[in-house]
Amino acid sequence: MPQSTPPRPICGHCDGFPTVTITTGTRTPDGQRQTITADCPACHGTGHTAPARAHSRIGA
């Protein structure tokens, strides 16, 4: 039986929509709108967050 990986939590900052395209309002020479792409700064464009790390005790 194949093992399945548990789903990673969705980023709370972008709600799973990590990359957006924004129009700048100008047009290219061929008439298309000029756009820029922006990634979510929290998840770096992945749409998921890393699972919380387990706390460890350092020292004695």
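Me: How should I read the share of contacts that join residues at least 24 apart in sequence?
Reply: A contact means heavy atoms within 4.5 Å. In the protein chain, 47% of the contacts between residues at least 6 apart in sequence join residues at least 24 apart. This is a predicted model, where local features need pLDDT of at least 70, side-chain atom pairs count only at pLDDT 80 or more, and totals for chains, interfaces and linings use all residues. Residues are numbered from 1 along each chain as its sequence is written, and side-chain values use heavy atoms, with hydrogens and water left out.

Me: How many helices and strands are in the protein chain?
Reply: Helices (H or I, at least four residues) and strands (E, at least two) are DSSP runs, numbered from the N terminus. The protein chain has 2 strands and 0 helices.

Me: How do strands β1 and β2 run, parallel or antiparallel?
Reply: Two strands pair if DSSP finds at least two bridges between them. Here β1 (residues 19–27) and β2 (residues 33–39) run antiparallel, joined by 6 bridges. Thr19 stands opposite Asp39 in β2. The hairpin of β1 and β2 has 5 residues between the strands, and Gly31 takes a positive phi near 100° there.

Me: How many disulfides does a search of the whole structure find?
Reply: A disulfide is a pair of cysteine sulfur atoms within 2.5 Å. The search finds 0 of them. For Cys40, the nearest cysteine sulfur is that of Cys43, 3.7 Å away.

Me: Is Cys40 buried or exposed?
Reply: Buried means under 20% relative accessible area, exposed over 50%, and partly exposed in between (1.4 Å probe, protein chains only). Cys40 is buried, at 9%, and Cys43 is buried as well, at 6%. Of the 60 residues of the protein chain, 10% count as buried.

Me: Which residues form a nonpolar patch on the surface?
Reply: Like charges are joined within 9 Å, and nonpolar side chains (Val, Leu, Ile, Met, Phe, Trp, Tyr) within 5 Å. Accessible areas come from the Shrake-Rupley method with a 1.4 Å probe; for residues, only the protein chains shown count as cover. Val20, Ile22 and Ile36 form the patch, with about 240 Å² of accessible area together. Val20 is found in strand β1 and counts as partly exposed, at 41% relative accessibility.

Definitions and conventions:
Patch = residues over 30% accessible without salt bridge, like charges linked within 9 Å, V, L, I, M, F, W, Y side chains within 5 Å. Salt bridge = Lys/Arg side-chain N within 4 Å of Asp/Glu carboxyl O.
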